[in-house]
Amino acid sequence: MTAISPTPTSWDRPHRAAERMARAWSLAIAGTSYVSMNGLEVQDFLTSLATRIIHALTTEVFDPADVREVGSTLVAAHFTEPTTLERTLAVLAEQFGNAPVKRVAQVQGALASGYALALRDRVLDEQEEIRTAALWARARAEEGRRVSEARFQAIFAGAAIGMSVSTVDGQVIEVNQALCDMLGYSADELRAMSFEDFVLPEDPPTAGAMFEEMLSGGSDQFRIEKPYVHRDGHRVWTDLVASVIRDEDGRPRWLVAMFEDITERHLLQVRLRHQALHDPLTQLPNRTLFFERLTTLLEDAADDDARVGVCYLDVDGFKVINDTLGHDIGDQLLQTVARRLSRSISGDRQLVARMGGDEFVVLVEGCRGIADVVAVAQKALDTVRAPVHVGGHEISISASIGVVEQPLRGMSTGELMKAADTTLYWAKADGRNRFALFDAERHAKEVTRYELSASMPAALERREFFVEYQPLVRLSDGVTIGVEALVRWRHPRFGVLGPDAFIGMAEETGLIVPLGRWVLHEACRQAAEWRRAVGDRAPVMSVNLAVRQMRDRTIVRDVRAILDQTGLPPEGLQLELTESAVMSTGGDPIEALNALAALGPRIAIDDFGTGYSNFAYLRNLPVHSLKLAGSFVAGLRPPERPDPVDQEIVAAVIGLAHTLKLSVTAEGVETAEQAARLQELGCDTAQGWYYAAAGPASAINLAN
């Protein structure tokens, strides 16, 4: 039990506190009972009792016996009118408002119990006197007994809260009018009832255990919030305090219960909880309630076969509706979508919630497989697709949905919702107005891609990147006249990665600029080293420039600085740009291209034939060479019947390039037949596995 914490103003001087309480007490009960004491004597008498009450309130372990004795002392001093007890209990509530409610209730209950027991004992004493007294005194004793019983009954009749007295086996034997008014039954109807008649499904699960503990002597009272059914059918929520009255041997004899009507407070709490767990715009469950339910499912999962499904829905193009028609129309649209989803999908095993903005989520419990969740997703799509009439507008909308279905065991809330969010993004990326199914393998690849993207800046600082070189061979005599620098990443976890695994991410993040600058510097350094070793026989170094690099304003300055730092003459460098990078943009990139050509390096168009293939545009650019895309060269591979279309295309490209005085390099040459056909068609140089795979600088043959 909890004792009252002392405060500097009221409990550090118990005697003064007792005097203060006694003054209020004496004023409250003045004139309510007839006692043989004057005002000062009454105040002194009550001061001693107040001291004992304060001790009971502040003691570490509550002992009801001492407070019961206070009640019996009042009766012994002839403070026996019901109004006296009623006002005494009121003084306790007023004086100790800062005390714990439970302790105050214990003190009130014990005092009332002692008061009632004293009245009962007084009646019994009077009855004993009647039995032993003469006949002339019996009439007087009978009158006293009747008066005492009337006083005892007045305690119940005058109480502002409902009260009842029951047997320990649950039979109601007495109720007051306040309880009758509270529940709508007459006293006779309530006395005909037992505890079982008041048991409801909403009862606290601990109520039975608390009752048994009180009867077994573990406690003298308990307090719970419990509903009762009014006679007209509505629920009445009460703050119930039940106390046991024991006989001389300590056996429970009666149960005294006090009922305070807290229905309004309870309904307020219910409304506040509903507001905390529901979206104010759509009245759907909000993300808090959704995660509460999902977390409960995951924590309570006991069956290895139990599964759960999530459909994460986003309204397509909702921002456009807000921006064009206004947020009021957007809000009405969301309300309509919410109502439709709630009507068509919500059920005992399905929860529709609004996550925020234009996002909704459906939790599918106990699904038997992906088909169950797909059916829900398809129904949601069909529901959203129906035209919506709001604000005089007919709006046709669609939705994208990410569908995830997983076993409950071993799954966390974060993992499940991350998968749902990722899958929703897939549905958006695939064209919207559809659902996408979660693919663990695809998700793992995207996670890996993200990890690579996040670790690239540090990898560049740790020098995890390195350059390999692939020869460019002249077809007429097989001499290596150039090499292409190809960057690799020696990743500590994934091993050696080719450019296809990270160049795209580098362009997206902008890291391609410092990475490309490093590759260019490393390649020029190696080319300058070869030139110092073999002079003019050193191969031309070919280095790729990404679109992002061409758009960077420092590209010309960087190339000039790297040539100066490494000592490589400009004619020893060839810069390769993709066809789309050169031909799809104007302005700064074209100016940069002209400035780079003015420095002296050769300019080559890489992967020619996969983009615009505009020779008329190409003739106005400072380009020296074309590199045929490997997809065209692949058609020349079959030894018996090469693809005639690819062969004609390659021949036409080579002819037009030579007309523009451009050399042509074929990429992806893998067989001798391809090399022979390319030579027959007039191609100048080639590269591919037929000649050599990309390798370290030491693998390049400088002898020829």
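Analyst: Contact here means heavy atoms within 4.5 Å. This is a predicted model.

Start with the helix pair. By that cut-off, V337, R340, L341, S344 and I345 in α13 meet V376, K379, A380, T383 and V384 in α14. By type, the residues of this contact divide into six nonpolar, two polar and two charged.

Now the geometry. Two packed helices are described by the angle between their axes and the distance between the axes. Helix α13 covers residues 327-345, and helix α14 covers residues 370-385. Their axes come within 10 Å and cross at roughly 140°. That angle makes α13 oblique to α14. The crossing of α13 past α14 is right-handed.

Next, the sheet. It is open and has five strands, in the order β7-β8-β6-β11-β12. The pairing is mixed. At the edges are β7 (350-356) and β12 (434-437), each of which pairs on one side only. Neighbouring strands are turned by 20° against each other on average, direction ignored.

Look at the β7 end. Strand β8 spans residues 359-365. Six bridges join β7 to β8, and the two run antiparallel. Within this pair, A353 stands opposite V361 in β8. Here α13 returns: the helix packs on the sheet and touches β7 and β8. The direction of α13 makes about 10° with that of β8.

Helix α11 (residues 287-299) lies across β6 (307-315), β7 and β8. It runs at about 135° to β7.

The axes of α18 (residues 512-534) and α20 (residues 555-566) come within 9 Å and cross at roughly 35°. This crossing is right-handed. Residues of α18 in the contact include R517, L520 and H521. On the α20 side, D558, V559 and I562 are among them. The contact residues divide into six nonpolar, three polar and four charged.

Last, confidence. The mean pLDDT of the protein is 85, and 91% of its residues reach 70 or more. Confidence is lowest in helix α6 (residues 135-158), at a mean of 65. It is highest in strand β13 (residues 465-474), at 95. Over residues 1-12, pLDDT stays under 50. The model has 28 contacts beyond four places in sequence for that stretch. Where pLDDT is low, the predicted coordinates should not be read in detail.

Technical notes:
Residues numbered from 1 in each chain as written. Predicted model: local features only at pLDDT ≥ 70, side-chain atom pairs only at ≥ 80, totals over all residues. Heavy atoms only, no water. Axes fitted to C-alpha atoms, helices over the stretch in contact; angles between N-to-C directions. Helix = DSSP H or I, 4+ residues; strand = E, 2+ residues; numbered from the N terminus. Parallel < 35°, antiparallel > 145°, perpendicular 65-115°, else oblique. Left-handed = near helix turned anticlockwise from the far one by under 90°. Nonpolar A, V, L, I, M, F, W, Y, C, P; charged D, E, K, R; others polar. pLDDT = per-residue confidence, 0-100. Pairing = 2+ DSSP bridges.
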